[in-house]
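Please open the structure in your viewer and keep the selection tool at hand. This tour moves from one selection to the next and says what is to be found at each stop.

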Amino acid sequence: MFEKIGEKLSAMVAIPTVSGNRNRKDYHIGEYREYLQTAFPSLFAAVVPTPVGEALLLKIEGRGEKKLPVLFTGHMDVVPADDASAWRYPPFSGKIADGCVWGRGSQDMKGPQCALLSAFDELLQEGWRPGRDIWIYLSCDEETGGDTTTRAAALLKEKNIRFETVFDEGGTICEDFMGLLKGKAALFGLSEKGSLEYRFTANSEGGHSANPPANSAIVRLADFIHEVEHTEIFCRKLSEGNRAMLRGIAAYSHGEKKEKLLRASEETDDYQTLFELCPEARTLLGATIAFTMVEGGTAFNVMPKKAVLTANVRVASVETEGEITVKLKEIAERHDLICELAGGRDAAPESRADSEGYRNMSESVKEIYPGLPIIPFVLGGGTDSRHFQELTDNVLRFSPMYAAPEQGRGVHADNESADIQAVADAAACYYSLLKKY
């Protein structure tokens, strides 16, 4: 049914769509949109398009069933591939080799997008028409913040449109999830952590390094980092989504490991069992902070008058941005630093694992991948779906496409690739899912 899907994905990858002001020469988004219309003619003949900047909002009108519509969203843009010499094949070649399509975006997320659009195209060619309205949103700047998607969501809100489910990227079919489950599993994202950017500024009088003052700007930043790194300042708690994940993994486990997983899912204090089981336990227990940039100093022998530290906090649903900001400001003040929230967003609400969209996708995964474990979880990164949260009670962040461990490591890194059979299987899964609507 999807025999040509590898060639289509190859052509999609070969059109650079690198978003960001510095990457305009590699941002051929118009050419990419034109290719999609050529590659998926039945889909584009059936939709009512609404351009939103360089993004596309598409509507397939249903047969009039009085049910809430669903939205499929995904992005056309990709991140840069700065060091082409590190790639096995040129990053925008779309090279087909070893059963894979190689190049930037093959996993994130032109592969899943190719699978979804192929499923729509095939069904529409067969004469299918959904019972309810189905919307598709193809974003143009997800990798740089999604400002265009904010406009698309506002447009839908003006039309008083609400969705039963919003389907987006996030989880995939992967292996050895968090060291807790051996073999392959489908990871259904119920929520996603928020991402906050903080800047900490230390001012001083400067001076010559031959006569260094006490508590200089850089020293105060270092003391601040040390305190934050060695103090439990955030709320350490498992969200309901992470408890559901542990119970989900337990359902596919046996013996003592199953008992420990269930025990960990009920813990509320020191989470001793969780730490025994999972090397990544800290990422499940609330917010994390990473210090990512430092600026300051003009010469090796000059004391800087100003030094600035940047941090990224990934905030979980058990704590809010407001609570975190208060804590960081209190610590910063003790070290005579200025703390500023430079931007970001709170964690997304956690969706239900018993929603119609979750059930429908589960049934489709079971049909195409018999026996594959299905695990709910909370996504650490961000997706376009956050812009549509006001328009739905349920978001499912999952692409039904397998990524081998080395392919998962290629996302936003070197030698990104997608297995052609995996893309075809994902298309078959979407084909099954769409027929339920």
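Two residues are said to be in contact, or to touch, when they have heavy atoms within 4.5 Å of each other. This is a predicted model, in which local features need pLDDT of at least 70 and side-chain atom pairs count only at pLDDT 80 or more, while totals for chains, interfaces and linings use all residues. Residues are numbered from 1 along each chain as its sequence is written, and side-chain values use heavy atoms, with hydrogens and water left out.

**The whole chain**

Begin with everything selected: the chain has 14 helices and 17 strands, where helices (H or I, at least four residues) and strands (E, at least two) are DSSP runs numbered from the N terminus. Along the principal axes, the C-alpha atoms of the chain fill a box of roughly 80 × 55 × 50 Å. The radius of gyration, taken over C-alpha atoms, can be set against a globule rule of 2.2 Å times the number of residues to the power 0.38; a compact globule of 437 residues would have a value near 22 Å, and the 24 Å of this chain agrees with that. Buried residues make up 53% of the 437 residues, where buried means under 20% relative accessible area, exposed means over 50%, and partly exposed lies in between (1.4 Å probe, protein chains only). Of the contacts in the chain with a separation of 6 or more, 80% are between residues 24 or more positions apart.

Now select Ser209, which is found in the loop between β10 (207-208) and α6. Which residues does Ser209 touch, not counting residues up to four places away in sequence? They are Phe300, Asn301, Val302 and Met303. Val302 is 93 residues from Ser209 along the chain, yet the C-alpha atoms of the two are separated by 5.4 Å. Ser209 has a relative accessible area of 29% and is therefore partly exposed.

Next select Gly297, in the loop between β11 (288-296) and β12 (302-303), which counts as partly exposed at 46% relative accessibility. Leaving aside neighbours within four places in sequence, Gly297 is in contact with Pro304 and Lys306.

**Pairs of helices**

Two packed helices are described by the angle between their axes and the distance between the axes. Here the axes are lines fitted to C-alpha atoms, for helices over the stretch in contact, and angles run from 0 to 180 degrees between N-to-C directions. Angles under 35 degrees count as roughly parallel, over 145 as roughly antiparallel, 65 to 115 as roughly perpendicular, and the rest as oblique.

Select helix α6 (residues 217-229) together with helix α11 (residues 321-334), whose axes come within 9 Å and cross at roughly 140°, so that α6 and α11 are oblique to each other. The contact is made by Phe224, Glu227 and Val228 of α6 and by Leu328, Ile331, Ala332 and Arg334 of α11. By class, this contact of α6 with α11 has five nonpolar, no polar and two charged residues, where Ala, Val, Leu, Ile, Met, Phe, Trp, Tyr, Cys and Pro count as nonpolar, Asp, Glu, Lys and Arg as charged, and the others, Gly among them, as polar.

Then select helix α1 (residues 5-13) and α14, which pack at an angle of about 105° with their axes 9 Å apart, and α1 is therefore roughly perpendicular to α14. In this pair, Ile5, Gly6 and Leu9 of α1 meet Ile420, Val423, Ala424 and Ala427 of α14, and by class the contact has six nonpolar, one polar and no charged residues.

**Backbone details in loops**

Met109 lies in the loop between β5 (100-102) and α4 (110-125).

Move on to Met178, in the loop between β7 (165-177) and β8 (181-192), where phi is near 55°, a positive value in a residue other than glycine. Is Met178 buried or exposed? At 11% relative accessibility, Met178 counts as buried.

Finish at Asp336, in the loop between α11 and β14 (338-344). Phi of Asp336 is near 55°, a positive value in a residue other than glycine, and Asp336 is exposed, with a relative accessible area of 55%.
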